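Please read the notes below with the structure open beside you. Each point takes up one part of the model.

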Amino acid sequence: MANVLDLRRRIRSVKNTRQITKAMKMVSAARLRRAQERALLARPYAQMISSVLESLVRRTDIYNGDSGSLMHPLLVEREEKNVLVVVIAGDKGFAGAFNSNITKAAQSFINDRSALGQNIDIEPVGRKARDLVAKKYPAAVYEKKEEHYDNDLATHFEVIRHRAAPIEVTGDHASLLVKVDIDAVSEMAHSIIERYTRAEIDAVYLVYNEFKSVISQRVVVEKLLPIRKLGSHEITVAEEMSEEQKEAAAHAAATSGVSIMEPEESAIESEAKNFGTADVDYIFDQPPSRIFRHLLPKYVTTQIFHALLESVASEHAARMTAMDAATNNAGDMIDAYTLQMNRVRQAAITKEIIEIVSGAAAL
Amino acid sequence: MAENTSNSGLLTVRLVTPDRVLLDSTAEAVELPSMSGYLEALYGHAPLLAELGAGEVRLHGGASGDQKFFVAWGFVEVLPERVTILAETAMHPEEIKVDEAREELAKAERLWNEAGDDGQKYDEANAITRQAEEMIASAEGKSH
């Protein structure tokens with residue numbers, strides 16, 4: 001049996017750990033509040049983009065009058081042969097099952113799809129997502145082909161994809177989550193749109209952790225392209241939190257001063273739903289079809305932006321919960337060790353007394 | 001609708017960016033940089049939907065006095081009593097970094113030269129040039 005000194009040392013070490021996890025929990029709580037705020041502030045813009053789009057769809061023909069073809073390449077539906085899946089995980093660990101839940105969902109999606117014989121591209125966002133797929137699957141190879149015409153007066157560029165394996169990794173957005181910046185997201189969205197337009201991919205799915213409140217989150221697989229129904233999230237797979245997880249999250253939130261309620265809709269937000277939808281005849285400064293064309297890429301960008309902000313909030317919430325659980329466990333461990341230490345000490349004292357008493361009796 | 005005398009005759013003006021609502025105020029008149037040139041909206045303007053180019057949004061009168069914002073790319077909805085501006089980029093003219101704008105200008109020129117026969121690339125280069133030029137003009141107070 002360990003002696004008193006050993007146990008005392010062990011208790012001190014656990015106490016230190018508890019202090020660290022407690023600090024990490026408070027930091028995560030502060031970050032979570034900020035992330036929640038940010039997601040909230042970003043809502044009016046996203047809402048307005050989708051309401052004006054909806055209103056335009058009602059006013060314009062999305063089919064071309066003469067040929068009957070769709071007006072925009074992002075609306076075109078093709079048979080899903082090549083599928084892009086954007087996996088949004090976190091940058092850091094210590095967040096409980098956050099990263100593994102997402103990678104698990106992504107992996108099962110990839111397995112399902114490759115069983116159907118589809119080619120899959122994976123676009124990882126966040127270091128944890130990248131680390132997982134980069135080891136497993138090869139990177140996609142692109143070739144930029146240049147052709148010169150008319151004595152080099154005109155040049156034609158073409159990007160050609162050489163697919164070597166059924167599952168490949170495209171793009172690398174490891175640092176996107178450090179500061180979720182709309183310009184960087186826009187760049188990523190445009191690269192995806194370009195690939196979709198030149199029919200390199202036939203569908204785009206997002207795998208991320210949706211965040212409504214601390215106790216209401218789920219891992220979802222959402223279809224991003226082709227755009228079928230505007231303003232609605234087309235969720236194909238969702239994994240809800242268990243009651244146990246909810247309880248743990250609620251406890252963590254209560255002890256660090258984070259509200260577990262879903263934030264209420266602000267006045268601007270409810271007004272945002274009416275952006276561009278008033279029941280009047282608008283004067284269109286540019287033809288509606290042109291506005292429509294320019295809006296669709298912005299719509300895709302805001303969808304990804306929204307997913308990223310929610311994922312960041314979820315990551316902090318998961319870390320806060322995990323660190324709260326760690327702090328509690330450390331407390332339990334300290335209690336157990338203290339009890340054991342007291343017992344050992346008591347046993348030593350008892351033993352000494354017995355020795356003295358029996359020594360006295362022998363006299 | 002303009003004859004509605006019960007109202008103060010002030011437009012509600014909102015400037016919304018992907019990050020946040022930058023401005024929520026009122027004005028007597030708003031100048032807007034539409035894709036096809038500047039337009040000005042007064043109280044009671046007919047409903048209008050326009051694509052936003054790059055340039056300055058200027059508010060005249062209203063609760064917080066005259067104000068200027070540099071904006072680029074987005075949409076604007078004008079209703080008789082409300083103007084809502086959706087802008088991809090929006091900032092105060094004082095926040096513009098002229099050096100960065102000049103770098104962008106140089107980058108746009110490079111893109112233009114490398115565009116080859118791709119029409120879209122030329123459009124992109126033009127868009128960057130326009131935004132950078134308007135940014136510099138706005139920062140120097142020379143925006144028209």
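How many bridges join strand 3 (residues 29-34) of chain B to strand 4 (residues 37-42) of chain B? Point 2 gives the number, after a word on conventions.

1. Conventions. This is a predicted model, in which local features need pLDDT of at least 70 and side-chain atom pairs count only at pLDDT 80 or more, while totals for chains, interfaces and linings use all residues. Residues are numbered from 1 along each chain as its sequence is written, and chains are lettered from A and ligands numbered from 1 in the order in which they are written. Helices (H or I, at least four residues) and strands (E, at least two) are DSSP runs, numbered from the N terminus.

2. Six bridges join strand 3 of chain B to strand 4 of chain B, and the two run antiparallel. Strands count as paired if DSSP finds at least two bridges between them. Leu32(B) stands opposite Leu39(B) of strand 4.

3. Chain B as a whole. Chain B has two helices and seven strands. Read from the N terminus, its elements run β-β-β-β-β-β-β-α-α. Along the principal axes, its C-alpha atoms fill a box of roughly 60 × 30 × 25 Å.

4. Where the chains touch. In all, 25 residues of chain B are in contact with 27 residues of chain A; contact means that the C-beta atoms of two residues, placed from the backbone, lie within 7 Å. On the side of chain B that touches chain A, the largest share, four residues, comes from strand 5 of chain B. That side divides into 12 nonpolar, five polar and eight charged residues. Here Ala, Val, Leu, Ile, Met, Phe, Trp, Tyr, Cys and Pro count as nonpolar, Asp, Glu, Lys and Arg as charged, and the others, Gly among them, as polar.

5. Pairing across the chains. Strand 9 (residues 283-284) of chain A pairs with strand 5 of chain B in the parallel sense, over two bridges. Ile283(A) has Leu48(B) as its bridge partner.

6. Helix 8 of chain A. The 75 residues of this helix should span 111 Å at 1.5 Å a residue, and its end C-alpha atoms are 109 Å apart, which agrees. The expected span is 1.5 Å times one less than the number of residues. Helix 8 of chain A bends by about 25° at Leu295(A), and Pro297(A) follows within four residues. The bend is the angle between axes fitted to the seven residues ending at a residue and the seven starting there.

7. Helix 6 against helix 8. Helix 6 (residues 243-255) of chain A packs on helix 8 (residues 288-362) of chain A at an angle of about 90°, with axes 9 Å apart. Axes are lines fitted to C-alpha atoms, for helices over the stretch in contact, and angles run from 0 to 180 degrees between N-to-C directions. Helix 6 and helix 8 of chain A are therefore roughly perpendicular (65 to 115 degrees).

8. Two backbone details in chain A. The peptide bond from Leu225(A) to Pro226(A) is cis, with omega near -5°. Pro226(A) is found in the loop between strand 7 (216-225) and strand 8 (234-240) of chain A. Phe94(A), a residue other than glycine, has a positive phi near 55°.

Conventions: Parallel < 35°, antiparallel > 145°, perpendicular 65-115°, else oblique.
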